[in-house]
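Please open the structure in a viewer and keep the sequence at hand.

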Amino acid sequence: MTPRLQFPQLALRRRLGQLSCMSRPVLRLRSWPLSFLYYFLTFGALKPLAKVGWRPTSRVALYKTIPTRLLSRAWGRLNQVELPTWLRKPVYSLYIWTFGVNMQEAAVEDLIQYRNLGEFFRRKLKPAVRPVCNSHCVISPADGKILHFGRVRNCEVEQVKGVTYSLETFLGPHTWAEAINCTIKPSNEEDPSSFQDLLVTKEGNELFHCVVYLAPGDYHCFHSPTDWRVAHRRHFPGSLMSVNPGVARWIKELFCHNERVVLSGEWTHGFFSLTAVGATNVGSIRIYFDKELRTNSPRYSKGSYNDFSYLSNNNQEGVSMRKGEHLGEFNLGSTIVLLFEAPHDFTFNLKAGQKIRYGEPLGTM
């Protein structure tokens with residue numbers, strides 16, 4: 001009979017308890033092995049720790065000991081290194097096999113034509129493979145997986161089922177309302193839902209949200225989800241933690257910690273915003289019409305953000321986007337968060353966890 005390995009529960013509890021009592025420099029050094037567990041292993045592999053009663057005081061702080069921004073910048077530079085012709089097919093084929101990439105949809109199927117990893121990640125699609133639905137007012141901006149959707153309640157939004165983040169922390173102060181000609185209502189700081197009320201500009205409307213997760217094997221470009229005008233951009237420098245759904249279940253307000261670019265404006269029913277959330281190895285977020293945007297800078301102030309208005313004396317409309325029009329791209333998989341107001345009878349035609357492709361409908365009135 002094969003002997004069963006016994007987990008040293010008492011010793012493990014004591015060892016993990018000692019970590020929380022160490023000084024900050026020592027803790028940072030000694031927590032590296034555990035941090036790499038968070039980074040390289042699935043979170044399911046850490047279940048034995050939970051079974052013995054370990055509840056880390058700050059999973060976010062532990063996970064942040066990994067220099068994800070530095071790793072992402074290094075990965076970005078590696079992506080630009082031109083591969084020898086003989087090496088391209090084996091490297092790309094391994095990636096295709098690992099992440100299930102469908103190269104039959106790519107505009108260029110010949111792997112030899114992609115000079116580096118960056119070109120391969122940002123590959124374009126054949127024009128006919130993603131027809132844009134014209135019968136619905138909002139479409140999916142990208143290929144991916146629906147993590148969560150629905151009405152916004154009490155200024156809290158779910159990143160995955162049961163794990164929320166603050167709408168005000170995610171979008172930042174409401175100072176950009178003037179840029180998109182929204183009526184600024186007086187706020188009540190004691191009422192957490194007052195920020196949510198500020199975003200709803202028309203009587204009878206409600207605030208809705210939808211989260212689309214782009215896996216590494218998905219098409220990495222994103223498109224305009226509706227006809228709207230973009231008036232303002234807010235860039236939050238931040239961490240670049242993984243946005244994998246498994247990680248999102250562990251870390252509350254993950255999307256508020258990560259670097260992100262918030263595009264705000266108006267559509268026919270009022271306020272509309274699209275946020276591109278960065279992730280590990282996805283420090284580069286590109287918006288095609290915004291040449292001034294620079295993401296994953298080496299230095300930044302925690303909690304800071306940079307505002308930029310697309311309005312000017314010569315342009316009072318901002319940037320007009322048509323439904324399905326190219327909007328931007330990631331260097332690897334990441335997340336798109338849509339927040340918008342719509343009439344109360346707006347309904348999503350979705351299921352949590354379902355796969356969706358760019359151009360397919362999200363919902364309608």
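The tour begins with the whole chain and then turns to individual residues.

The model is predicted: local features need pLDDT of at least 70, side-chain atom pairs count only at pLDDT 80 or more, and totals for chains, interfaces and linings use all residues. Residues are numbered from 1 along each chain as its sequence is written, and side-chain values use heavy atoms, with hydrogens and water left out.

**The whole chain**

Of its 365 residues, 51% are buried, where buried means under 20% relative accessible area, exposed over 50%, and partly exposed in between (1.4 Å probe, protein chains only). Next, display the surface. The accessible surface is about 18400 Å², and carbon and sulfur atoms account for 54% of that area; the areas come from the Shrake-Rupley method with a 1.4 Å probe, and for residues only the protein chains shown count as cover. Among contacts (heavy atoms within 4.5 Å) between residues at least 6 apart in sequence, 77% join residues at least 24 apart.

**Serine 334**

Select serine 334, in the loop between strand E13 (326-330) and strand E14 (335-343). Serine 334 counts as buried because its relative accessibility is 0%. An unreviewed UniProt entry lists Ser334 under "modified residue: Pyruvic acid (Ser)"; UniProt positions follow the numbering used here, feature names are shortened, and annotations may be inferred rather than shown by experiment.

**Asparagine 205**

Move to asparagine 205 in strand E5 (residues 205-213). With 15% relative accessibility, asparagine 205 counts as buried. Leaving aside residues up to four places away in sequence, asparagine 205 touches Val200, His269, Glu341, Ala342 and Pro343.

**Threonine 98**

Now select threonine 98, which lies in helix H7 (residues 85-99). Its relative accessible area is 45%, so threonine 98 is partly exposed. The side chain of threonine 98 reaches the backbone oxygen of leucine 94 at 2.7 Å.

**Two cysteines**

Finally, select cysteine 210 and cysteine 221. Cysteine 210 is buried at 0% relative accessibility, and cysteine 221 is buried at 0%. How many disulfides does a search of the whole structure find? The search finds zero, a disulfide being a pair of cysteine sulfur atoms within 2.5 Å.

Methods. Helices (H or I, at least four residues) and strands (E, at least two) are DSSP runs, numbered from the N terminus. A polar contact is a pair of N or O atoms within 3.5 Å; within protein, one must be able to donate a hydrogen and the other to accept it, and residues adjacent in sequence count only if both atoms are side-chain atoms.
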